[in-house]
Amino acid sequence: MASTTTHDTATARAAARREKARRAPAKWLLAPAVIFLLVWMIVPLAMTGYYSFRNYNLMMPSITGWAGWTNYKILWSDPTFWSALGITLLIVMICLAVTVGLGLALALLFHRNFVGRGVARTLAVAPFFVMPVVTGLIWKNMLFHPAYGLLAWLFRTLGLEPIDWLAQFPLTSIVTMISWEWTPFAMLVLLTGLQSLPEDQLEAVRLDGANKWHEFRHIVIPHLGQVLYVVVMLESIFFLTSFAEIYTTTSGGPGTATTNLPYYIFQGTFVQYDIGVSSAAAIGAVILANIFAIFLIRFVAGNLNAGEAR
Amino acid sequence: MSAQAKRFSGANIAFGVLGWAVALLMFLPLIWLVVTAFKTEAEAFTVTPQLFFEPTLESFKAALAQGGGYWHYAWNSVFTAVASTLIGLVLTVPAAYAMAFYPSKRTDFTLVWMVSTKFIPAVGVLVPIFLVYKTIGLLDNVWGLIALYTAMNLPIMIWMVYSYFRDIPKDLVEAANIDGASMGQTMRKVILPLATPGLASTGLLALILAWNESFWSITMTNHAASTLPVYIASFKSAEGMFWAKMSAASVLSIAPIIVLGWFAQRQMVRGLTFGAVK
């Protein structure tokens, strides 16, 4: 009796060893990618944290050493930092509302069957593939320009006073440009969601005599819920880091009217050379991004388990 | 009602008109960019937009001419985008393979950790990377930029390839194992042929993202390693000067990627949503 037990454990141990040997190479296959991400993302992030507690200004190399919370205190009392934080959030919120709202409307429109739908959709998607630097310059020079822009011409034709968009409505202009780029993305993802609508459920409610609104409210929206969630979370991550559109058009101005957190940190690093304070601001940006990211990661992790159950 | 008849029903004609109007409105800024690119500088810079003019290739010639700038930046863009995509794929395929076919207790954690690195904003690591690059001479160096683009795209690439690998039946791998194939053989002979379309679209997505990237290229390069976004951004203070040349250079910079993007629409959606929307 005792001998069989020993025998069983021995077999189990041998099986475990074989399994381990079979898996062994897997660890080495994963290592290069993990190490690469550690070296280029996690180590620098730790260094940012370290610098944020140091006295470090490239213009004043003689002042070094620990700064304690000084850099954070400087930030706390800097009105530009708070306005940058507010502007960052404003850009995220307004762009989300515009791109998701318009994106949903466009997705429903392009889900209809009309002549040349494929070509029309392809044209509407194009702005998403335009590099943000080009977006900035097209809008600044060809559309928003108070004398030579298309909008100025339109206003004059209508007998109105042309508006200097970037000077008078800087934030609106930035939001318009970002939304122009990202509405196609929201539209594309939502359209993909619409195309995977459960036909049988739609048939069923139609047989029950449901009207269009009922159908939309009770079948389409719940089905799109998950897709909408992905769009919102993903876009917020990109909107939080908007940079090129601001860099090429307003350079954060007029004053600090369009200075968001990335631009604030960029200026702190390359104009004021204040490594310590910039690092503290960067830690602020990371915390802000993580508040948004927590929701997405929870979602992605949930999705992972759902995938396993499949 | 047949599909053809449905297309021409009253409601759908109305939706068609609306759909086309919206599409053209979205596309209008790009049309205007292309139109401006075919003008002379004098025609590009007018108070009343000139719709009728003699199209000229003058601006394209100016941008493409020796010393016009385009080629230097275009070459850097092609090189960094292609190299970072290839390096990314070399790192991605083994990692995704290990996680898809040899999952361990830590696999879920690793995957989620990889997504989470995507949410460290670039400014969060800007300062140390700038200082380290300055110290070790990677500032204004294409390889420095390539490494950054690889790190930037790696989480998305791994997720995307992982989701393609998971669509491959596990039985195939087990059958190959029973036949005594080594892990390398299974990967080469069984998995890669099946996953080729997925790898191609992952590569395409990485290429597009690297090509359009501007933050790192603006902050980490000066001239030698600068890519097209830096070149285009250099026109930003040209008040009314060189608009036609700027337009021509912009068209040359975005046209290839828009064409690639049109082919890769669905894959972009899949990749950017971490495989959640297929």
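Loops, spans and domains in a predicted model

A:Y273 sits in the loop that joins α12 and α13 (275-309) of chain A. The model is predicted.

Me: Is A:Y273 buried, partly exposed or exposed?
Reply: A residue is buried with 20 or more other C-beta atoms within 10 Å of its own, and exposed with 12 or fewer. A:Y273 has 14 C-beta neighbours inside 10 Å, so A:Y273 counts as partly exposed.

Me: What is the phi of A:S251 near?
Reply: A:S251 belongs to the loop between α11 (244-249) and α12 (261-270) of chain A. Most residues other than glycine have a negative phi. A:S251 is a residue other than glycine with a positive phi, near 50 degrees.

Me: How far apart are the end C-alpha atoms of residues 81-110 of chain A?
Reply: The unreviewed UniProt entry annotates residues 81-110 of chain A as a "transmembrane region". This span is 100% helix and 0% strand, and its end C-alpha atoms are separated by 42 Å.

Me: Which element gives the most residues to the side of domain 1 of chain B that touches domain 2 of chain B?
Reply: Chain B has domain 1 (3-61) and domain 2 (64-272). Twelve residues of domain 1 of chain B contact eleven of domain 2 of chain B. On the domain 1 side, α2 (10-37), α3 (41-44) and α4 (58-64) of chain B each give two or more residues. The element that gives the most, with four residues, is α2(B).

Technical notes
Residues are numbered from 1 along each chain as its sequence is written. Chains are lettered from A and ligands numbered from 1 in the order in which they are written. This is a predicted model: local features need pLDDT of at least 70, side-chain atom pairs count only at pLDDT 80 or more; totals for chains, interfaces and linings use all residues. Domain bounds come from an automatic or database domain assignment. Two residues are in contact if their C-beta atoms, placed from the backbone, lie within 7 Å. UniProt positions are given in the numbering used here, feature names are shortened, and annotations may be inferred rather than shown by experiment.
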